[in-house]
Amino acid sequence: MSNSLVIIPTYNEKENIENIIRKVFSLPDVFHVLIVDDGSPDGTADIVKKLQEEYQGLLHIEERKGKLGLGTAYIHGFKWALERHYDYIFEMDADFSHNPDDLIKLKNACIDGADLAIGSRYIKGVNVVNWPMSRVLMSYFASVYVRFITRISIQDATAGFKCYKRIVLETIPLHKIKFIGYAFQIEMKFTAIKYGFEVVEVPIIFTDRTEGTSKMSTKIFREAFLGVIQIKLNSFFRNYSRKIDS
């Protein structure tokens with residue numbers, strides 16, 4: 001048994017999915033894995049279901065019909081995890097941009113007192129490998145922009161490699177999380193901080209994918225840029241006491 005669940009959303013990740021799953025299960029700590037697949041036409045789900053024969057009880061899959069967005073995939077996974085009483089719930093990409101070895105560092109940060117541990121590219125300089133400078137600058141200054149608008153101090157505001165203690169996901173009203181792309185990552189961090197949870201950044205090295213294709217798009221970037229303002233404005237009308245959100 002394990003008290004830790006790694007949620008990996010997928011859409012057309014057949015080149016990476018078997019290797020990332022095997023890597024997680026090779027770690028010295030025991031993690032369960034939930035794949036949330038959005039109807040990948042390349043057969044990603046079939047690969048996962050074949051691996052379930054080997055990793056019975058450790059590897060799970062939830063299949064959704066159509067590409068419904070990163071944020072809704074994670075929220076689906078969060079609810080699945082809470083129903084099954086996992087204590088540590090992780091977000092991780094399928095493409096090895098997030099090093100599975102760092103799952104242990106993120107979990108240890110939560111064991112040591114954090115409620116939300118973020119795998120941060122920017123907490124100690126800029127730790128990004130194989131990105132063009134234009135994308136590094138866009139990502140870095142996106143976090144600067146987020147800090148300016150929201151007044152939170154997170155250095156890597158769009159980071160998607162995270163470990164939550166279950167109490168964070170039990171407290172945040174997930175049905176009120178509005179965004180589905182990078183703005184989802186910002187909204188979850190901002191909301192956790194507003195509820196008074198301890199959020200820490202753990203330095204990682206982010207390596208761009210070598211297999212498959214990026215899901216980044218102009219639409220996702222635009223949602224994040226405009227969404228930050230909306231997140232801040234909406235916060236003026238929200239009650240962040242740790243009770244049922246009215």
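**Notebook: aromatic rings**

I began with Phe-78, which counts as buried because its relative accessibility is 0%. A reminder to myself: this is a predicted model.

Next I looked up Tyr-164, and at 0% relative accessibility this residue counts as buried too.

Then I counted ring pairs, taking centres within 6.5 Å as the cut-off. The count came to 12 aromatic pairs.

How do the rings of Phe-78 and Tyr-164 sit, edge-to-face or stacked? Their centres are 5.3 Å apart and their planes stand at 70 degrees, so I noted the pair as edge-to-face; the cut-off for that label is over 60 degrees.

I also checked where the two partners lie. Phe-78 is in helix H3 (residues 70-83) and Tyr-164 is in strand E7 (residues 162-165), so their pair ties together parts that are 86 residues apart in sequence.

For contrast in geometry, I turned to Trp-80 and Tyr-86, an aromatic pair that is stacked, with 6.3 Å centre to centre and 15 degrees between the planes. Both Trp-80 and Tyr-86 are buried.

Which residues do ring pairs link into a cluster with Phe-78? I found Tyr-74, Tyr-164 and Phe-184 joined with Phe-78 in that cluster.

Last, I looked for charges over rings. Lys-107 has its charged end over the ring of Phe-31, 5.7 Å from the ring centre. Arg-151 places its charged end over the ring of Phe-148, at 5.0 Å from the centre.

Technical notes. Residues are numbered from 1 along each chain as its sequence is written. This is a predicted model: local features need pLDDT of at least 70, side-chain atom pairs count only at pLDDT 80 or more; totals for chains, interfaces and linings use all residues. Side-chain values use heavy atoms; hydrogens and water are left out. Rings of Phe, Tyr and Trp (its six-membered ring) pair if their centres lie within 6.5 Å; planes under 30 degrees apart count as stacked, over 60 as edge-to-face and the rest as tilted. Helices (H or I, at least four residues) and strands (E, at least two) are DSSP runs, numbered from the N terminus. Buried means under 20% relative accessible area, exposed over 50%, partly exposed in between (1.4 Å probe, protein chains only). A charge sits over a ring if NZ of Lys or CZ of Arg is within 6 Å of the ring centre and within 35 degrees of the ring normal.
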